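Okay, thanks for coming, everyone. I'd like to walk you through one structure today, starting with the charged side chains and ending in the core. Let me put it on the screen.

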Amino acid sequence: MKITEQNFIKEISLGNEKALEYCMLHYGGLVRSVIHRHIGSLTQYEEDCINEVFFAVWENIASYRPEKNPFANWIAGVARLKALDCLRRYSHHLMEHSWEEICLPQLPRRIRPFRPLKKKFPGRPSRCWTA
């Protein structure tokens with residue numbers, strides 16, 4: 001049987017591994033982005049966390065209710081909860097790094113200073129600034 005968007009949820013509930021592969025291919029990017037957003041600097045654990053999400057989908061597909069939410073919303077919620085579980089589990093690794101490495105955003109190499117425009121615009125002050 002060909003796995004499609006209409007039947008993959010039913011097929012996962014029946015234990016069809018091909019349906020889970022279909023889910024991983026079509027929703028893997030969404031899951032990865034949710035995981036990455038929540039676990040931040042613990043990127044070495046992203047793959048483990050993604051695997052836990054799809055294992056949870058495999059185990060708990062019966063709890064999905066299509067009348068409540070689209071599947072993408074449901075799997076994003078599962079990913080968020082699993083990411084928080086991973087964050088709790090691996091949070092002791094955060095203490096191995098300095099706060100600057102973890103929390104401070106990377107600034108661009110060169111920040112362009114403001115400079116005055118050479119062209120004057122009618123009806124505007126003579127000093128306009130650009131980024």
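Let's start with Glu 52, which is partly exposed, because its relative accessible area is 23%. For that word, the scale is this: buried means under 20% relative accessible area, exposed means over 50%, and partly exposed is in between, with a 1.4 Å probe and protein chains only.

Before I go on, the ground rules. This is a predicted model, where local features need pLDDT of at least 70 and side-chain atom pairs count only at pLDDT 80 or more, while totals for chains, interfaces and linings use all residues. Residues are numbered from 1 along each chain as its sequence is written, and side-chain values use heavy atoms, with hydrogens and water left out.

Back to Glu 52. Which side chain does Glu 52 meet in a salt bridge? That's Arg 89, at 2.9 Å from N to O. The pair links distant parts of the chain, with Arg 89 in helix H4 and Glu 52 in helix H3, 37 residues apart. Helices here are DSSP runs of H or I with at least four residues, numbered from the N terminus. And a salt bridge is a side-chain nitrogen of Lys or Arg within 4 Å of a carboxyl oxygen of Asp or Glu. Arg 89 is partly exposed too, at 39% relative accessible area.

By that rule we get four salt bridges. Now have a look at Arg 32, which is partly exposed at 37%. Arg 32 pairs with Glu 47, the closest N and O atoms being 2.7 Å apart. Arg 32 sits in helix H2 and Glu 47 in helix H3, so this pair ties together parts that are 15 residues apart in sequence. Glu 47 counts as partly exposed, at 42% relative accessibility.

Arg 32 also forms a salt bridge with Glu 46, and there the closest N and O atoms are 3.8 Å apart. Again it's H3 to H2, so the pair ties together parts that are 14 residues apart in sequence. Shared partners join Arg 32, Glu 46 and Glu 47 into one network.

So is Glu 46 buried or exposed? Buried, because its relative accessible area is 9%. Leaving aside neighbours within four places in sequence, Glu 46 is in contact (heavy atoms within 4.5 Å) with Arg 32, Ile 35, His 36 and Ile 39.

Okay, on to H4, residues 71–90. This helix has 20 residues and reaches 28 Å from its first C-alpha to its last, close to the 28 Å expected at 1.5 Å a residue; the expected span is 1.5 Å times one less than the number of residues. Its buried residues include Phe 71, Trp 74, Ile 75 and Val 78. What covers the buried residues of H4 includes H1 (8–13), H2 (17–39) and H3 (46–60).

That takes us to the largest nonpolar core, which has 31 residues. A nonpolar core is a set of buried Ala, Val, Leu, Ile, Met, Phe, Trp, Tyr and Cys residues joined through side-chain atoms within 4.5 Å. Phe 8, Ile 35, Phe 71 and Ile 75 have the most contacts inside this core, and H1, H2, H3 and H4 each supply at least two of its residues. Beyond four places in sequence, the contacts of Ile 75 include Tyr 27, Leu 30, Phe 54 and Val 57.

Cys 49 is buried at 0% relative accessibility, and Cys 86 is buried at 1%.
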